[in-house]
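Good morning, and thank you for coming. I would ask you to look at the sequence and the structure on the screen before I go through selected features.

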Amino acid sequence: MPVTIDPRDYTRLALDPQEDGVWIVTLNRPEKRNALDLATVEELVTFFSTAPRAGVKAVVLAGAGQHFCAGLDLIEHHDADRSPADFMHVCLRWHEAFNKMEYGGVPVVAALQGAVVGGGLELASSAHVRVMDQTTYFALPEGQRGLFTGGGATIRVADLIGKARMIDMILMGRVYQGQEAVDLGLAQYIVEGSSMDKALELARRAAENLPLTNFAICSAISHVQNMSALDAAYAESVVAGIVNTQPDARARLAAFADKSAARVRPNE
Ligand code: 1HE
């Protein structure tokens, strides 16, 4: 059932729909370095639960100001003086938001700058593509703050850089930046200029793919990673059965057959 998204319903996120179906979603508390309070997480849950049914073709996820995201709102956490059960439920809402991002089927490209730390890195690692600029740096300061990750870093950051590097990162407060961060897998792109410009270019390119194809890419690959090889092969076959016979793909296949479609060539 189609649904609509009204940017005026959001206060923590600034939503900016573009004409081509790409939505720019900006964490909008620069005065707090876009720290993730409960209200922000709830808006992420709402947006990413709705986007797949609202015709959103791709998302650029950004942070207002000099920093992408400072992670958990430590002041809110301090003032709330939460019980273990309370904080478990906080974490479950984070997981709800981040799982909707990763498994929702809509491509999410993160435009990173400045601090991408703690829960900010958990958020960024839930995007499908990360673009960093020369100011971007990654860290897990939880170890030094007397905390632990609760928003999926043990799953997604370990997946990106490996268990040993993640343990070293959080144990030592190690910071990664520059080309090294790309080489390790924390981001797929690094730019000299604005990460937003590059992220928007990439989101627009992804938005040109058929929506059902993007759905498979941005949900099936993640689901399949959670399965045994036997079940993964089965699930891949079923998804390919649906995607590779979609009527909307016929024109693209016909263009290949009549030689009007672009061929795959090496980069210049
Ligand atoms: C915050 C937060 C925050 C800034 N929660 N309010 N995350 C961290 O340990 C990162 C903590 N933050 C920092 O290290 C720095 O603030 C930054 C490197 C991100 C930015 O530095 P800077 O010099 O630009 O800003 P600032 O002066 O430190 O902070 C500006 C304001 O933002 C200030 O508020 P103000 O009202 O005094 O002006 C800060 O208090 C506020 N601010 N970061 C709340 N994180 C589900 S488990 C997840 C576990 C975690 O994420 S642990 C958190 C890790």
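Helices here are DSSP runs of H or I with at least four residues, strands are DSSP runs of E with at least two, and both are numbered from the N terminus. The model is a predicted one, in which local features need pLDDT of at least 70 and side-chain atom pairs count only at pLDDT 80 or more, while totals for chains, interfaces and linings use all residues. Residues are numbered from 1 along each chain as its sequence is written, and side-chain values use heavy atoms, with hydrogens and water left out.

Let me begin with the aromatic residues. Rings of Phe, Tyr and Trp (for Trp, the six-membered ring) pair if their centres lie within 6.5 Å; planes under 30 degrees apart count as stacked, over 60 as edge-to-face and the rest as tilted. How many aromatic pairs does this rule give? The count comes to four. In one of them, the ring centres of Trp23 and Phe47 are 5.9 Å apart and the planes stand at 45°, so this pair is tilted.

Trp23, at 10% relative accessibility, counts as buried, and Phe47 is buried at 0%. Ring pairs also join Tyr10, Trp23, Phe47 and Phe48 into a cluster.

Another aromatic pair is formed by Trp94 and Phe98, which are edge-to-face, with 5.8 Å from centre to centre and 65° between the planes. These two residues lie four apart in helix α3 (residues 84–103) and are therefore separated by about one helical turn. An α-helix has 3.6 residues a turn, so residues three or four places apart point the same way. Trp94 is buried, with a relative accessible area of 5%, and Phe98 is buried at 0%.

Helix α3 returns in the surroundings of helix α6 (residues 153–161). In α6, the residues Ala153, Arg156, Val157, Ala158 and Ile161 are buried. The buried residues of α6 pack against α3, α4 (119–124), α7 (163–172) and α8 (178–184), where contact means heavy atoms within 4.5 Å. Just after α6, Gly162 takes a positive phi of about 95°.

I turn now to a pair of helices. The axes of α10 (residues 211–225) and α11 (residues 229–243) come within 11 Å and cross at roughly 175°. Axes are lines fitted to C-alpha atoms, for helices over the stretch in contact, and angles run from 0 to 180 degrees between N-to-C directions. Angles under 35 degrees count as roughly parallel, over 145 as roughly antiparallel, 65 to 115 as roughly perpendicular and the rest as oblique. The helices α10 and α11 are therefore roughly antiparallel to each other. Leu212, Thr213, Ala216, Ala220 and Val224 in α10 meet residues of α11 including Ala232, Val239 and Ile242.

Finally, the strands. Three of them form an open sheet in the order β5-β7-β8, with mixed pairing; two strands pair if DSSP finds at least two bridges between them. The edge strands, β5 (115–117) and β8 (176–177), each pair on one side only. Strand β7 (residues 137–139) runs antiparallel to β8 and is joined to it by two bridges. Tyr137 has Gln177 in β8 as its bridge partner.

Notes: Buried means under 20% relative accessible area, exposed over 50%, partly exposed in between (1.4 Å probe, protein chains only).
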